[in-house]
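Here are my notes on the model you sent over. Have it open while you read, and take the points in order.

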Amino acid sequence: MANKKPIVEMKNIEKHFGSVIALAGVSLDVYPGECHCLLGDNGAGKSTFIKALAGVHTPTRGEIYFDGKPMHFDNPRDPIIAGIATVYQDLAMIPLMSVARNFFMGNEPVRRVGPFQFFDHDRANRVTMEEMRKLGINLRGPDQAVGTLSGGERQTVAIARAVYFGAKVLILDEPTSALGVRQTSNVLATVDKVRKQGVAVVLITHSVRHALAVGDRFTVLNRGKTLGTALRGEITPEELQDMMAGGQSLAALEESLGGTI
Amino acid sequence: MPDATAAASGDERIKKRSRFREALIRPELGGIAGTIVVFALFLLFAHDSGMFSSQGVMNWSQVSAQFMIIAVGACLLMIAGEFDLSVGSMIGFAGMMIAIFGVTLGWPMWLAILTTLAMTLAIGALNGLIVVRTGLPSFIVTLALLFILRGFTIFLPQLIERKTIIGGIKEAAEGDWLAPLFGGKILTGLFQWMGEIGLISTFERGTRAGQPVVDGIPMLIVWALGLVIFGQVLLTKTRFGNWIFAAGGDAQAARYTGVPVSRVKILMFIFTAFCATVFATCQVMEFGSAGADRGLLKEFEAIIAVVIGGALLTGGYGSVIGAALGALIFGVVQQGLFFAGVESSLFRVFLGVILLFAVILNTYIRRMITGER
């Protein structure tokens, strides 16, 4: 990994909301084909940090480099055009619309007939089925409404959509937080497949187990500060858990609960 | 798509849905079923009332076509997630402006129509701009426009002509090139011929003796069919149609993926205004006069037709064909009750009942689509 260049570098990002310092100098870099997990407890600043990269918040201080070039994201469109896609918890999916219509929403393929342009439904349906099958989802048909899909399947549609439309960096905001065991493993498997296609993944989670399942590197945020980045194999789940809790050992608590967290 | 079905059968947990349920989750279902029921009932109980003679058919076709014209605009706007309650007032206003420009001011009729159209489209854009910019519910914004436009429609002719009805439009439109596009009839030759061979009855006495009782298809019906086809193709076959669904389904989600939601909504408000103006122009050309009370309650009738046609009041789901069928049901029942000699106030009872049924059916269909319980 040392011989490759990071696709995204974020250096000393600070974000102040009035008198609240949400982020006090956080740095992170991601390489192509890597899954970089951003861990932290609720309120640690994970979402604020990632929204700076997604163009939702403009950082108060700090720099963002994409492919070695400094970037200034003022709105959510800029990063998307650059190739940074964010899959939010609320997914940007419309339950009443079909999977194919959702998949191509905003990027509809068109077919010319004389002076008119028509939505190329055949192509949209074919591509949707193909892309979903690649990620292991068998749809009843491309006209199936997104509302009938499970939470994990919806995540997969959102991920597949982002990758299909050329995302080089994929930000996943707590993709597993609302999912069951089986669906979680499906989503993590999807992350793994996407990473192997050379996409850089930033996975935000507060589950150490999910992070360790797919992560290559781990950055822990606590109270707006980073507690360092660790490589896979260099750190134990217990250490990660302790870092997320702010360095206080959970050992005492863990003992009384019989090692269940 | 054979490969798609092969993939779909790969998962044993996906239940095969029955044809019936498959057919049920189409937005047009309510409209199709309603149309069949309504025609069956009237054929059964009112077949000898003259309702299905050529004159009778033309009568309810024209009424239905009126509803269709405004229903298409209301349908696309509702799918885009907004309402326009100013449609009825817009109809009155547009008709009155044509009369004031064309009769009182004596402009050529084509100029009066085009100027009025420019004004109403601008008002539609204003409706949309206010809704999009302020984020207020379109219900309130267009309710305000309902009163503002109606107020002007009553005030202006009183100020200028000291009356609330301006006539003489037919005379003013004589020889105009644009007016026949709204007030004319097509296929008159065909109907003449059908009258001659006895396919449709002819007048036996009077100045029009020998002419067929129905002498052509009014442009009103041509506009209605044209707008329905345009709306249906736009909604289901173009990328803009996908944006209409997306804007109404979840505006925030649509924005995330780059759909120009504000533009879509404003354009749909403009289109609704366009439909209202077409309605008004056809109406003043037919009646030859503009009245300050024209178009009263039309906004609600349009919305009811759209809801009967399967669209969700919350946006993001619906069908233009469904809305057109809703308008057809509307027209057939309204005129059919008249032909059948039923007290016309009962039409309102019917409307309320069918509206309630339609909304309940739509909610049920929505739950089936989204898998909510």
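Which helix of chain A does Arg195(A) lie in? That residue sits in α6 (residues 181–196) of chain A, helices here being DSSP runs of H or I with at least four residues, strands runs of E with at least two, both numbered from the N terminus.

1. Ground rules. This is a predicted model, in which local features need pLDDT of at least 70 and side-chain atom pairs count only at pLDDT 80 or more, while totals for chains, interfaces and linings use all residues. Residues are numbered from 1 along each chain as its sequence is written, chains are lettered from A and ligands numbered from 1 in the order in which they are written, and side-chain values use heavy atoms, with hydrogens and water left out.

2. Confidence. Chain B averages a pLDDT (the predictor's confidence in each residue, from 0 to 100) of 87, and 92% of the residues score at least 70. Over residues 1–13 of chain B the value is below 50, and that stretch has 12 contacts (heavy atoms within 4.5 Å) in the model beyond near neighbours in sequence.

3. Back to Arg195(A). It counts as buried because its relative accessible area is 12%; the cut-offs are under 20% for buried, over 50% for exposed and partly exposed in between (1.4 Å probe, protein chains only). Leaving aside neighbours within four places in sequence, Arg195(A) touches Gly33(A), Glu34(A), Cys35(A), Val214(A) and Asp216(A). A polar atom of its side chain lies 2.5 Å from the backbone oxygen of Val214(A). Arg195(A) also belongs to a network of salt bridges with Asp192(A), Lys196(A) and Asp216(A), a salt bridge being a side-chain nitrogen of Lys or Arg within 4 Å of a carboxyl oxygen of Asp or Glu.

4. The interface. Here 39 residues of chain B are in contact with 33 residues of chain A. The two chains bury about 2800 Å² between them, 61% of it on carbon and sulfur atoms; buried area is the accessible area (1.4 Å probe) that two parts lose on being put together, summed over both. On the chain B side, Arg239(B), Asn242(B) and Tyr256(B) lose the most area to chain A, together 23% of what that side buries.

5. How many salt bridges does the rule find across the interface of chain B and chain A? One: the side chains of Glu108(A) and Arg239(B) meet at 3.3 Å, N to O. Several elements of chain B give two or more residues to the side that touches chain A, among them α1 (2–8) and α17 (346–370). The largest share, seven residues, comes from α12(B).

6. Over all chains, the search finds 14 salt bridges. In one of them, the closest N and O atoms of Lys265(B) and Glu82(B) are 2.9 Å apart. Lys265(B) lies in α14 (residues 261–287) and Glu82(B) in the loop between α4 and α5 (87–104), so the pair ties together parts that are 183 residues apart in sequence. Both Lys265(B) and Glu82(B) are buried. Lys185(B) and Asp215(B) also form a salt bridge, at 2.9 Å. Lys185(B) is partly exposed at 44% relative accessibility, and Asp215(B) is partly exposed at 22%.

7. Ala74(B). This residue of helix α4 (residues 54–79) is buried, with a relative accessible area of 11%. Not counting residues up to four places away in sequence, Ala74(B) touches Thr272(B), Ala302(B) and Val306(B).

Terms used. Polar contact = N/O pair within 3.5 Å; in protein donor to acceptor, adjacent residues only side chain to side chain.
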